[in-house]
Amino acid sequence: MEPGACSRANTLVHRLWTAVSKALFAEFLATGLYVFFGVGSVLHWPSALPSVLQIAITFNLATATAVQVSWKASGAHANPAVTLAFLVASHISLPRAVAYVAAQLAGATVGAALLYGVTPGYIRGTLGINMVQNSTSTGQAVAVELVLTLQLVLCVFASMDSRHTVGSPAAMIGTSVALGHLIGIYFTGCSMNPARSFGPAVIIGKFTVHWIFWVGPLTGAVLASLIYNFILFPDTKTLAQRLNILMGTSEVEKAAEERPQKKGSQSSSGDTECGCCAKGLDAVQKNQAFCPSQCILTQEETAASSGKEG
């Protein structure tokens, strides 16, 4: 291999690894924080038993914090259901989706373990694991989790869609999570997030009806993705583009094409076109961590390259 080609390959691998590793750590951290603070709010302290409103507000704030911390680095999924929805919508590749879910489950487990470790033994109880409550049947529980997650994922898409919104989606997504808890607590303790259910279940070692908190949220997420991306606001990706995104080819192509593009593809408005889609850098410049095709160019890299060219 020629020295120049070898150098370009090394640079490509380095850029991919840097972007992906940062995104995975962001998902790990965001999910861990969400589980620690959210599940911590449901613990039964004798001096002050938690109310439904308190739990809903805490999950609201925990979600907003997790999203604000991670959305520029990873897109702020912090939820396997959200990741699946983005995969169905061709906003993320399959390899990245699998890696995100693994990071989320690891973060949720660490967050639950940390909460378990700092909580007195007589307070831990079942560590806030999700359970079917108040004579709710398993079918009803699945349906409730489906509807709760559907509204959450619809809100996530609407809040992060650079075609319609600008700025951080943290507050709106947090509000959607609070809305779900105000109703869902009475049925299932309100999961809407398989990682939230998984972490405490692993630490306590109790997986009774745990499948409900995967089937319901994941089904709701898929339905929400289809409704938003194919009915309400359909995009124009071709089948070939969707397959490239699914397999992760677009990320590699973007990294490989980015350097030449910087030198010669400035548009009249000063925006550079993304190698995967015409609005790629628009999404980045509107504070999106990734364009709709999940390019790996971040806002910080865009600013840095603009500074060098200037």
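**Loops first, then helices**

Q: Where is Cys190 found?
A: Cys190 sits in the loop between helix H7 (170-188) and H8. Helices here are DSSP runs of H or I with at least four residues, strands are E runs of at least two, and both are numbered from the N terminus.

Q: Before we go on, what kind of model is this?
A: This is a predicted model, where local features need pLDDT of at least 70, side-chain atom pairs count only at pLDDT 80 or more, and totals for chains, interfaces and linings use all residues. Residues are numbered from 1 along each chain as its sequence is written, and side-chain values use heavy atoms, with hydrogens and water left out.

Q: Back to Cys190. Buried or exposed?
A: Cys190 is buried, with a relative accessible area of 0%. Buried means under 20% relative accessible area, exposed means over 50%, and partly exposed is in between, with a 1.4 Å probe and protein chains only.

Q: What about the phi of Cys190?
A: The phi of Cys190 is positive, about 65°, although Cys190 is not a glycine. Most residues other than glycine have a negative phi.

Q: Which other non-glycine has a positive phi?
A: Leu127 has one, at about 55°. Leu127 is in the loop between H5 and H6. Leu127 is buried too, with a relative accessible area of 0%.

Q: And Ser135, buried or exposed?
A: Ser135 is exposed, at 76% relative accessible area. Ser135 lies in the loop between helix H5 (121-124) and helix H6 (138-160). In space, Ser135 is 8.5 Å from Phe187, C-alpha to C-alpha, while the two are 52 residues apart in sequence.

Q: Where is Ser90?
A: Ser90 is in the loop between H3 and helix H4 (94-118). Ser90 is buried, with a relative accessible area of 8%.

Q: What does the side chain of Ser90 make a polar contact with?
A: The partner is the side chain of Arg242, at 3.1 Å. A polar contact is a pair of N or O atoms within 3.5 Å; within protein, one must be able to donate a hydrogen and the other to accept it, and residues adjacent in sequence count only if both atoms are side-chain atoms.

Q: Zooming out. How many helices and strands?
A: The protein has 13 helices and zero strands. Of its 310 residues, 48% are buried.

Q: How do H2 and H7 pack?
A: Helix H2 (residues 52-74) and H7 pack at about 150°, with axes 8 Å apart. Axes are lines fitted to C-alpha atoms, for helices over the stretch in contact, and angles run from 0 to 180 degrees between N-to-C directions. H2 and H7 are therefore roughly antiparallel. Angles under 35 degrees count as roughly parallel, over 145 as roughly antiparallel, 65 to 115 as roughly perpendicular and the rest as oblique.

Q: Which residues of H2 and H7 make the contact?
A: Among them are Phe59, Thr63 and Val67 of H2, and Val177, His181 and Ile185 of H7. Contact means heavy atoms within 4.5 Å. By class, the H2 contact with H7 has 14 nonpolar, six polar and no charged residues. Ala, Val, Leu, Ile, Met, Phe, Trp, Tyr, Cys and Pro count as nonpolar, Asp, Glu, Lys and Arg as charged, and the others, Gly among them, as polar.

Q: What about H3 against H6?
A: Helix H3 (residues 80-88) and H6 pack at about 60°, with axes 10 Å apart. That makes H3 oblique to H6. The contact is made by Ala81, Val82, Ala85 and Phe86 of H3 with Thr149, Val153, Val156, Phe157 and Met160 of H6. By class, that is eight nonpolar, one polar and no charged residues.

Q: Last one, H8. What happens at the start?
A: A side-chain oxygen of Asn193 reaches to within 2.9 Å of the backbone nitrogen of Ala195. After H8 comes Gly205, with a positive phi near 80°.
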